[in-house]
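Here are my notes on the two-chain model you sent over.

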Amino acid sequence: MKLQGNELQINGIIASIDRDNIDTDQIIPTEYLKSIKKFGFEDYLFDGWRYLDDGKLGVTKDQRQINEKFVLNISPYDKATILLTRDNFGCGSSREHAVWALRDFGIKAVIASSFGDIFYNNCFKNGVLPIQLSKEQIEDLFKLSQDTIKEISVSLDAKKLSIGDIEYKFSVEDNLLERIIYGLDDVDITLQDKELIKDFESNRIKNKPWIFAND
Amino acid sequence: MPKTLYDKLWKEHHITTLNSGESLLYIDRHYLHEVTSPQAFEGLAKKDLTPWRLGANIATPDHNVPTERGDSFNMDSIDDEISKIQVVELDKNCNRFGIKQFDITSNNQGIVHVIGPELGYTLPGMTIVCGDSHTSTHGAFGCLAMGIGTSEVEHVLATQSLKVSKLKNMHVRFDGKPQSGVTSKDIVLYLIGKIGTAGGNGHAIEFSGSYIDSISMEARMTICNMAIEAGAKVGLIAPDKTTIEYIKEHSNLEDDLFNRAKDHWKTLVTDKDATYDKEIHIDISAIKSQVTWGTSPEMVVDFDANIPNPDNAPEEKKKNIQLAKEYMGIGSAEKLTDLKFDKVFIGSCTNSRIEDLREAAQAVKGKHIADTILEAIVVPGSGMVKLQAEAEGLDKIFQNAGFIWRDPGCSMCLGMNPDQLKPYERCASTSNRNFEGRQGNLGRTHLMSPLMAALTAINGTVSNPS
């Protein structure tokens, strides 16, 4: 487990999308779920809003009709590393592709007043930090980032984000944060408890045999 | 201490509490489909691992599969080369690791959340996961069932367990008798309209009440299926006589095992004095048929009510209402009944079961779809549903009314196969999500019950189903 020190701090441009309930179909439409790879989704992030034409898996950004009005197509937001939105970001489908698309585009943190449960969980497995703030704080951040381009700085270990002179503390469970900081693999960790799982399973086979009747 | 049903299921599957504070839960059943599994199998192979318990896994291709297949169809017949790769990949992975698959040529192939229960793989009291958010469907049987991401699919394959933090308990009680023409889809859409798509975030929702007691397993599955649209990844209904009768009919458990299991299933109820973190009580007798007007399932109204006007809406909602109305091309229409529909889709893991098809067929019998409807398709949820419907002559009723009768799959619920809306087409859909572009780029989806969708096909507009 190697500490990747550079990930303790996320610095960069904040891009905002002023909407509630941005679902995972908006983050990445179903067409691109046909990929059998875990990487290469950057050109398809927010596909329906980012382009004026209909895309296909394998058709890259330079072959598409760009929607010049969409924030991630406008410099310097096209280099954004932090995304600001409203309520219930990532609701809907369980597709981890939504997080892969954010990650591949270069988004390292998403700030919202709440998140879809499955999306929230998927984030930590792919090095994307979901930051939950109050609706009032989100409103303030929208105001702050509206007029001039703002750089934002997120400290993972201090659980704090700073924009200009303003600082917000946020809370996130330590064990989840550690997954991002150390890039931990859950399968390896869980297999250290192999014997516990085996014992549990043997007992279950004995006490609830019907569960295993089709095995 | 008195426990809720969720608490009991949690405890029954709890292997250990980890140093991280999370819990390791044992997973009884794992369903797989072609879209969210390839990367998980790749991860498993890279680590040189094999599935922990082969028999826990059941796979079927559903998202990508064409629904016009006919008898001689096989994987090679899929025209879309990219979709074909995924279906082939699932087949290869299942063969490589020895996982039971109902492949595209199997009579039992279908939407994973339809085939699981009907083939007896879903049993009360199980933990069930799948890389698909509508796994909540299986909660109708008193299962702790939830959707997971692909990393977790790999984790479950490798370890037969899942690392999770406990959810909070929410209780939704539906009492009363529904009005004529009002179905379980209407009831759950009404709930989502009330609590919003984030209303159940962080919670497991248990549904109960005299209405739930009175409805079939199919109707209960529709409600638990849509729990995720209320933000809850877990929906639950305690097993009762209706559940046990369904299991008796669908499972292949031998009598002594079944009876032993039955004694246990009877204990899967919330204790009398248990408390929930959130309680909602809805008298369903006043609920009318619900139809969505916008781009989120919470944007729903009575079929004959006014579509919200952003000018009269609370400040924080104005912009979302405006954006949704623009996307949906509502224009100057005041009511849903003013809108003209182009397509009708009856299907999806929400509403493609035999009871759904019976209700829809009943409504179109002896009638014909409106001239303005370009296409109306019925996509049964599984091979078994299709056979049953054909045995009852429902296919003929639909076809005589101008509907197209298809082969099973997810189809136009998400348009990963050729069944998609064209830009700006308006669709009456029995599916679960009306998100932008969900059924095809720039397509416009209105969610409703199978009965209402059938009537919309006949009339060309939303109308009174009673």
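1. First, a convention for counting. Helices here are DSSP runs of H or I with at least four residues, strands are runs of E with at least two, and both are numbered from the N terminus. On that basis, chain A holds eight helices and seven strands. Keep in mind that this is a predicted model.

2. Overall form of chain A. The C-alpha trace spans about 65 × 40 × 30 Å along its principal axes. Chain A has 215 residues, and 42% of them count as buried. Take the contacts in chain A with a separation of 6 or more: 64% of them link residues 24 or more positions apart.

3. The interface. On the chain B side, 63 residues are in contact with 49 residues of chain A. Several elements of chain B each give two or more residues to this side. Among them are strand 1 (14-17), strand 2 (23-26) and strand 8 (161-164) of chain B. The helices include helix 2 (38-46), helix 3 (81-97), helix 10 (255-265) and helix 11 (315-328) of chain B.

4. Which element of chain B gives the most to the side that touches chain A? Helix 5 of chain B does, with six residues. Helix 5 covers residues 150-159 of chain B. By residue class, the chain B side divides into 20 nonpolar, 29 polar and 14 charged.

5. A sheet in chain B. Five strands form an open sheet, in the order 17-16-15-18-19, with parallel pairing. Strand 17 (404-405) and strand 19 (444-447) of chain B are the edges, and each pairs on one side only.

6. One strand pair in detail. Strand 16 (residues 375-378) of chain B runs parallel to strand 17 of chain B, and two bridges join them. Ile377(B) has Ile404(B) in strand 17 of chain B as its bridge partner. As background, strands of a sheet pair through backbone hydrogen bonds, either parallel or antiparallel.

7. A helix pair in chain B. Helix 6 (residues 184-195) and helix 8 (residues 217-225) of chain B pack at an angle of about 20°, their axes 9 Å apart. Helix 6 of chain B is therefore roughly parallel to helix 8 of chain B, as angles under 35 degrees count as such. The crossing of helix 6 of chain B past helix 8 of chain B is right-handed.

8. The residues behind that packing. Helix 6 of chain B makes the contact with Ser184(B), Lys185(B), Ile187(B) and Val188(B). Helix 8 of chain B supplies Ala219(B), Thr222(B) and Ile223(B). Together, the residues of this contact divide into four nonpolar, two polar and one charged.

Definitions and conventions:
Residues are numbered from 1 along each chain as its sequence is written. Chains are lettered from A and ligands numbered from 1 in the order in which they are written. This is a predicted model: local features need pLDDT of at least 70, side-chain atom pairs count only at pLDDT 80 or more; totals for chains, interfaces and linings use all residues. Two residues are in contact if their C-beta atoms, placed from the backbone, lie within 7 Å. Ala, Val, Leu, Ile, Met, Phe, Trp, Tyr, Cys and Pro count as nonpolar, Asp, Glu, Lys and Arg as charged, and the others, Gly among them, as polar. Two strands pair if DSSP finds at least two bridges between them. A residue is buried if 20 or more other C-beta atoms lie within 10 Å of its own, exposed if 12 or fewer, and partly exposed in between; C-beta atoms are placed from the backbone. Axes are lines fitted to C-alpha atoms, for helices over the stretch in contact, and angles run from 0 to 180 degrees between N-to-C directions. Angles under 35 degrees count as roughly parallel, over 145 as roughly antiparallel, 65 to 115 as roughly perpendicular and the rest as oblique. A crossing is left-handed if the near helix is turned anticlockwise from the far one by less than a right angle, and right-handed if clockwise.
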